[in-house]
Amino acid sequence: MIAHALTWRRERRVLPGFGLSLGISLTFVSLILLLPLTSLVGQLSQLSWSQYWFLITDPRLLASYGVTLFGAAVAALFNAAFGLLMAWILVRYEFPGKRLVDALMDLPFALPTAVAGITLATLYSSNGWIGRLLEPLGISISYTWIGIALAMAFTSIPFVVRTVQPVLEDLPAEVDEAAMTLGASDSHAFRRVILPYLWPALVTGTGLAFVRSLGEFGAVIFIAGGKPYETEITSLMIFVKLQEYDYAGASAVASIVLATSLALLLAINLWQGRFIKRLHGGRG
Amino acid sequence: MIRIGDAPRVRRLLIGAALVLTALFLLLPLVAIFAQALMSGIDVYWQNLSDDYTLAAIGLTLLVAVITVPVNLVFGVFLAWLVTRFDFPGRRLLQTLIDIPFAVSPVVAGLVYLLLYGRNGWLGGWLDAHDIQIMFAWPGIVLVTLFVTCPFVARELIPLMQAQGSREEEAAVTLGASGWTIFRRVTLPNIRHALLYGVILTNARAVGEFGAVSVVAGAIRGETNTLPLQVEQLYQDYNTVGAFTSASLLALLALLTLAAKAALEWRAARRETAT
């Protein structure tokens, strides 16, 4: 085992450029990523624990955590359903305009978030194309949690579609056939056979959509309006504190945002790793 | 062969629902951008486009892209080469580190740069004494954009280069080829589509970044406004048509990005069926 690892390592080092690529990568990562991030740690270390606690439990900020988490949860659940539907029809069915629909799925990643933000705010405002139709029904989307969830959902649409799509493509046709010949109905077969197979990809995609929604800023602020305690998201709170030159406050909030998203990302990676191991490890 | 959901009724229902939702959530916003920009006619549209502040914003946005895309291209290639062709302690850690910009809110990215280079920051005093302006000037915008876009190229290359393995390159070494020759003649032809796609993604994000840039730019009209910031400022001034005019340029770039991606995927698929 060890001998094998050693020869493998020696073989690897046959290729040139180890020193150069290590040097360039480490320099870049240190200067662009790590140095700025340590300045956050530096700023926070000037605070005592009680000061830090006071800053991160400010009632207006606590309200923003609620607004952000709730909006992101709604957006992620919407995308779980919508993404599953889109992945399904794009893999399983043929219909005119399919290539166009497929390409359109990536629009939220390609479109700058500020553009998405002002567009959604305009569409759903009380005199916008959609807002105008909803107002007589007593539904307002601008400046409410619905608008926040909507904007978050828009920017994270590609995550579920693009994680589920390749897994569904790889699903062997025999699985369908076996389920159907056993006499199961469509919905029963889907729930008992297909869904368990797609589950890991679906959870991963939904998790990524959730993390992205938590951090979304540009798309949300225009439609949210930023009413304190009601439609203020946490990234906006960092921005507000910076405009008041409250660097300590902004850093404290940023540390919460950063820690939450890193923890979630790590959890998703571990979950995905375990799934891949189960998939490949079981059969060697 | 029988497959789940193949009954015509089910199929029609699902396709119908999917198309309605796609039209509502994706197509309608896209149409709205251009409709709003052209609301007052094509003459006003051109007028808005040739506005001095808009032209300055376009210029600054191009400058940011012209610097960040090549830098991140070089970094991405070296990082991908490093983590897929060599084994060394800390390899996994390095791969995790470059995912940070994907996870953090762009506002946090802007903040950490402000803490480092701002007036009260670690380097702020030294920069002030030497009269170097980074925050609220274009170098700051370039730096945060580098931060936000650094994972894209590497993320496209790493899975592909891992899957391809290094056998071909090792053969080239045995034949006595130099490092640069190996990269140019062996590696590059294998990765050029993924590399191009990484560059397209980097460019789209570099041009469109808003949250991080708005923290470090200071929104000085004609000086530190990139196009997305210009969009925001015009919108806050209730100049809707002007805002959507600038937005339409960014939307056009987004459409080009999607078209380029579709073309790359189509070519890859065709090559796969050909072999």
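In chain A, the C-alpha centres of domain 1 and domain 2 lie 32 Å apart. Before I go on, a word on the ground rules: this is a predicted model, where local features need pLDDT of at least 70 and side-chain atom pairs count only at pLDDT 80 or more, while totals for chains, interfaces and linings use all residues. Residues are numbered from 1 along each chain as its sequence is written, chains are lettered from A and ligands numbered from 1 in the order in which they are written, and side-chain values use heavy atoms, with hydrogens and water left out.

Okay, back to chain A. Domain 1 runs 1-46 and domain 2 runs 49-281, with bounds that come from an automatic or database domain assignment. Five residues of domain 1 of chain A are in contact with nine residues of domain 2 of chain A, and contact here means heavy atoms within 4.5 Å. The two domains of chain A bury about 440 Å² between them, with carbon and sulfur atoms giving 77%. Buried area, by the way, is the accessible area (1.4 Å probe) that two parts lose on being put together, summed over both.

Which residues of domain 1 of chain A lose the most area to domain 2 of chain A? They're L40(A), Q43(A) and L44(A), together 84% of what that side buries. Across that interface the rule finds zero salt bridges, a salt bridge being a side-chain nitrogen of Lys or Arg within 4 Å of a carboxyl oxygen of Asp or Glu.

Chain B is also divided, into domain 1 (1-37) and domain 2 (41-274). Their C-alpha centres lie 31 Å apart. Five residues from domain 1 of chain B and ten from domain 2 of chain B make the contact. Those two domains bury about 640 Å², 82% of it on carbon and sulfur atoms, and the salt bridge count between them is zero.

Now for the two chains together. 97 residues of chain A touch 90 residues of chain B. Between them the chains bury about 8300 Å², and 79% of that is on carbon and sulfur atoms. How many salt bridges are there between chain A and chain B? The count is one: K261(B) meets D106(A) through their side chains, at 2.5 Å, N to O. On the chain A side, the biggest giver is helix 2 (residues 18-45), which puts in 21 residues; helices here are DSSP runs of H or I, at least four residues, numbered from the N terminus. That side of chain A divides into 70 nonpolar, 15 polar and twelve charged residues. For those classes, Ala, Val, Leu, Ile, Met, Phe, Trp, Tyr, Cys and Pro count as nonpolar, Asp, Glu, Lys and Arg as charged, and the others, Gly among them, as polar.

Let's stay with D106(A). D106(A) also forms a salt bridge with R162(A), closest N and O atoms 3.0 Å apart. D106(A) sits in the loop between helix 5 (98-104) and helix 6 (107-110) of chain A, and R162(A) in helix 10 (residues 157-170), so this pair links parts of the chain 56 residues apart. Is D106(A) buried or exposed? Buried, with a relative accessible area of 9%, while R162(A) is partly exposed at 24%. The cut-offs: buried is under 20% relative accessible area, exposed is over 50%, partly exposed is in between (1.4 Å probe, protein chains only). And there's a whole network of salt bridges here, linking D102(A), D106(A), R162(A), K261(B) and E265(B).

Over all chains, the search finds 15 salt bridges. One of them joins R92(A) and D176(A), with the closest N and O atoms 2.9 Å apart. R92(A) is in helix 4 (residues 59-92) of chain A and D176(A) in helix 11 (residues 173-181), so the pair ties together parts that are 84 residues apart in sequence. Both R92(A) and D176(A) are buried.

Last stop, S261(A), in helix 15 (residues 247-281) of chain A. S261(A) counts as buried because its relative accessibility is 4%. Leaving aside neighbours within four places in sequence, S261(A) is in contact with V211(A), A103(B) and V104(B). A polar atom of the S261(A) side chain lies 3.4 Å from the backbone oxygen of A103(B).

Terms used
Helix = DSSP H or I, 4+ residues; strand = E, 2+ residues; numbered from the N terminus. Polar contact = N/O pair within 3.5 Å; in protein donor to acceptor, adjacent residues only side chain to side chain.
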